[in-house]
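We will walk through it together, one part at a time.

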Amino acid sequence: MNLLTPDEKEIVDRIDAGYDPALLPRQPLPLIPLAQLYARDVPDLPCPAGTDMLQVLWCPLDEITDTPSAVHLRWRQSTSVRNLLTHPPEPSFIGQGYYVPEPCVLHPEQVIEYPAFHELDDELAERIISRERELLQSPDETQPGYRGDLSVAPGWKVGGWSAFFTFRSPAGPDELRCCGAPLEPLLTIASDEWDGESGSWRPLTEEDRSVDRTPTQVEIGRGYTLQVYRCTASQDHPPVTIMQ
Ligand SMILES: [Zn+2]
């Protein structure tokens, strides 16, 4: 029994057939909206003078992880945004379905996070490690752990520290520079909003533990994060992305 309508069957057949790279569109693909943030909701948003919102767009292909032109930042004055598109253009091809975000309304929460271990000086890192060793010997679940509960909050966020490095080494000083000026984390695009096991960093508004911790449905690599860095000398300089 065929449960699909003819239109649905045509779509499924097309997916099953895969694609021929030679048939991919040659013209530039439309960027798709990824995030829209207002300074009134995100007090730490580093808006250039005369702007109060940030629009982030990207090209839903694997190039987002290493091609600067695949992620675009648009700093705007919200009152100047007119003529909203009711049907934004859709790309005729996307690299991965999980680069197309599920529309969500943001409820930003301001948190304090501490830097990842690789950012700490040796003496401080050693003190923290010896404290964690003590905790291992007499476990106390009320005591927060440095990595899981105190440093580098997971989830989508503005600002904060460089994420933990996973499959690669921490970015060197040259990699985190643009035109001689240092780069700093602007936006983190995460595969999960919080730790599913401990619930650490779960937003106060999400007390129900069954709530989906990937509301955007965006996934970066195999559960990594993509950090978008901005140049501290000029907001006109293109962002740098680092997957980790
Ligand atoms: Zn620069």
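Which element do the buried residues of α2 pack against? They pack against α3, which covers residues 146-150. Keep that pairing in mind as we go. Please also remember that you are looking at a predicted model.

Let us stay with α2 for a while. This helix runs over residues 122-137, which makes 16 residues. At 1.5 Å a residue, the helix should span 22 Å, and its end C-alpha atoms are 23 Å apart, which agrees. Now look at which side chains are hidden: A125, I128 and L135 are buried in α2. These residues cover an arc of only 80° around the axis, which puts them on the same side of α2.

Next, step back and take in the chain. It has three helices and eight strands, and reading along the sequence gives the pattern α-β-β-β-α-α-β-β-β-β-β. The C-alpha trace spans about 65 × 55 × 35 Å along its principal axes. Of the 244 residues in the chain, 33% are buried. The chain exposes about 15,900 Å², and carbon and sulfur atoms supply 53% of this area.

Which residues coordinate the zinc ion? They are C178, C179 and C231, each through its SG atom, and H237 through ND1, at 2.0 to 2.4 Å. The angles among the four donor atoms are 100 to 117°, and the site is tetrahedral. Along the chain, the donors follow the spacing C-C-x51-C-x5-H. C179 lies in the loop between β5 (177-178) and β6 (181-190), while C231 lies in strand β7 (residues 225-231), so this pair ties together parts that are 52 residues apart in sequence.

Is C179 buried or exposed? With a relative accessible area of 53%, C179 is exposed, because exposed means over 50%. C231, in contrast, has a relative accessibility of 1% and counts as buried, since the cut-off for buried is under 20%. There is something else to notice about the backbone of C179: its phi is positive, at about 50°, although C179 is not a glycine.

N83 is another residue with a positive phi, near 50°, and it too is a residue other than glycine. You can find N83 in the loop between β3 (71-76) and α2. N83 is exposed, with a relative accessible area of 75%.

Finally, look for L204, which sits in the loop between β6 and β7. L204 has a relative accessibility of 67% and therefore counts as exposed. How far is L204 from H72? Along the sequence they are 132 residues apart, and in space their C-alpha atoms are 31 Å apart.

Notes:
Residues are numbered from 1 along each chain as its sequence is written. This is a predicted model: local features need pLDDT of at least 70, side-chain atom pairs count only at pLDDT 80 or more; totals for chains, interfaces and linings use all residues. Side-chain values use heavy atoms; hydrogens and water are left out. Helices (H or I, at least four residues) and strands (E, at least two) are DSSP runs, numbered from the N terminus. The expected span of a helix is 1.5 Å times one less than its number of residues. Buried means under 20% relative accessible area, exposed over 50%, partly exposed in between (1.4 Å probe, protein chains only). The arc is that of the directions from the helix axis to the C-beta atoms. Contact means heavy atoms within 4.5 Å. Donors are N, O and S atoms within 2.8 Å of the metal (3.2 Å for Na, K and Ca); water is not among the atoms, so sites may look incomplete. Four donors count as tetrahedral if all angles lie between 85 and 135 degrees; four count as square planar and six as octahedral if opposite donors are over 155 degrees apart and all others between 65 and 115; anything else is irregular. Accessible areas come from the Shrake-Rupley method with a 1.4 Å probe; for residues, only the protein chains shown count as cover.
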